[in-house]
Amino acid sequence: MQASTQASRPSACPGLMRIVPARDGGLCRVRLAWGELSAAQARAVAEVSQAFGSGVIDVTNRANLQIRGVQEHSQDALISRVVSAGLGPATPGADDLRNVMLSPLAGLDPDAVLDVTPLASVLLDQLQSDARLHQLSPKFALMVDGGERLSMLDHPHDVWISAVSAQRFAFGLAGCPPRFEHDAPALAVLETAHIPALVDALLHTFLDLALPSQTRMRDLLTTCSIEEILGRVQDKLGFPLDHDVENWRRPASDARLRFGVHRQGTGDSVCVGAQAPLGRLSAATLSALADLAPRLRMTPWQSVMLLDVQPAAAQAVVEQLAALGLATTPDEPFARLIACTGSQGCAKSFADTKADAHLLARSMPPMGDVHLSGCARSCAAAHPVRTTLMAVAPGRYDLYGEAPEALARHLTIEQAACWLARSPLDA
Ligand code: SF4
């Protein structure tokens, strides 16, 4: 396999943001608070991607952006421009832990329990300002759920808090708010005003107890019981946790709401959602999106929502999104396909998953989601996908359903498309 094109050294920019090496050049992660950026910030990202990178920008499944192909001699200039655009961390050392995950409709859904963006801002400040919390893994994530109709409830989070009412939140560890009877219940409920203290106690307890090899809450739970963690958390708090929450279940979320035109809050504006094919945008496309709306939100489905669109312009915006190549309805192939970076950007990949996914899109059956992965790490799928094509060689994949055994092996993309067309897997 081809070697990485860059030496394994982080950017020299002191402490603010890192650029990590990848097969296609440097990779700059631009973490966005709740996936949001202004049109001006989107244009800034597009410009630096064009000037200092390959002009390729990925939307991640944590609703962040990745600028790909950054030239080594341009790293400091790129970071300086990104930070100048207001997209860097508030304090040095805090960039990696800005993983406060919200619904793409947070603060915008008139049917949500409440607007959690003020609370999330407090928690984000807390994470950035407490130097000890900078020890948390870049993957450690906190979900703040306002009960919106659109929310990613399949990605496990290290800590989740979810609005039970405007005054009270439930919380849990290493998972998601429970929706179904068989889901693990919430651990306790508490007043909204007590959430910052709870989060502080949970994160410090994690750091107190976790072994160096335990970077995620699920790792800690293999050696430490929930009861011990909650006991230590309770000791740090000046109020009792209410554990009478066994029967609470969060209302369902509808992932299809990430497409199309939706009422935004209680005002006149609407938001418009569409899916970037395989989560990838060109600099030109991102710039064009910035011309369509004053605010953009990336989503954990690697899609985009345009905010503050005037209702009279909404249909034209949908048409322009389609003209830019984005999927605007949930049934289109690119609304149902995900693929990891693949061999163009990752030395671990056995195949060019992105190119193969484009090939598959031409002959996708009308139903079902498909995930193409370059290796068993499955970076693109933070949630279960019913059908996975696992690369084993260039252009060749093993096909998996929900069971651990492969259903078919060494398929070409054309053979996989035929297999999917006749399979009842996703019917
Ligand atoms: S799934 Fe494997 S091949 Fe794909 S990006 Fe992750 S590590 Fe690379």
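Reader: How much of the chain is helix and how much is strand over residues 94-239?
Author: The model is predicted. The unreviewed UniProt entry annotates residues 94-239 as "domain: Nitrite/sulphite reductase 4Fe-4S". Over that stretch the end C-alpha atoms are 29 Å apart. The chain there is 29% helix and 17% strand.

Reader: How many salt bridges does a search of the whole structure find?
Author: Side chains of opposite charge can pair when their charged atoms come close. The cut-off used is a Lys or Arg side-chain nitrogen within 4 Å of a carboxyl oxygen of Asp or Glu. A search of the whole structure gives 20.

Reader: Which residue forms a salt bridge with Arg 43?
Author: Arg 43 sits in helix 1, residues 39-52. Its partner lies 248 residues apart from it, in the loop between helix 7 (283-290) and strand 14 (295-298). The closest N and O atoms are 3.1 Å apart. The partner is Asp 291.

Reader: Is Asp 291 buried or exposed?
Author: Exposed means over 50% relative accessible area. Asp 291 has 56% relative accessibility, so Asp 291 counts as exposed.

Reader: Which helices do Asp 208 and Lys 236 tie together?
Author: The side chains of Asp 208 and Lys 236 meet in a salt bridge, 3.0 Å from N to O. The two parts are 28 residues apart in sequence. Asp 208 lies in residues 195-209 and Lys 236 in residues 226-236, so the pair ties together helix 4 and helix 6.

Reader: How many residues apart are Arg 232 and Glu 228?
Author: Their side chains meet in a salt bridge, 3.5 Å from N to O. Arg 232 is partly exposed at 37%. Glu 228 is partly exposed at 35%. Both lie in helix 6, about one turn of the helix from each other, which is a spacing of four residues.

Definitions and conventions
Residues numbered from 1 in each chain as written. Predicted model: local features only at pLDDT ≥ 70, side-chain atom pairs only at ≥ 80, totals over all residues. Heavy atoms only, no water. UniProt positions renumbered as here; feature names shortened; annotations may be inferred. Buried < 20%, exposed > 50% of the residue type's maximum accessible area, 1.4 Å probe, protein only.
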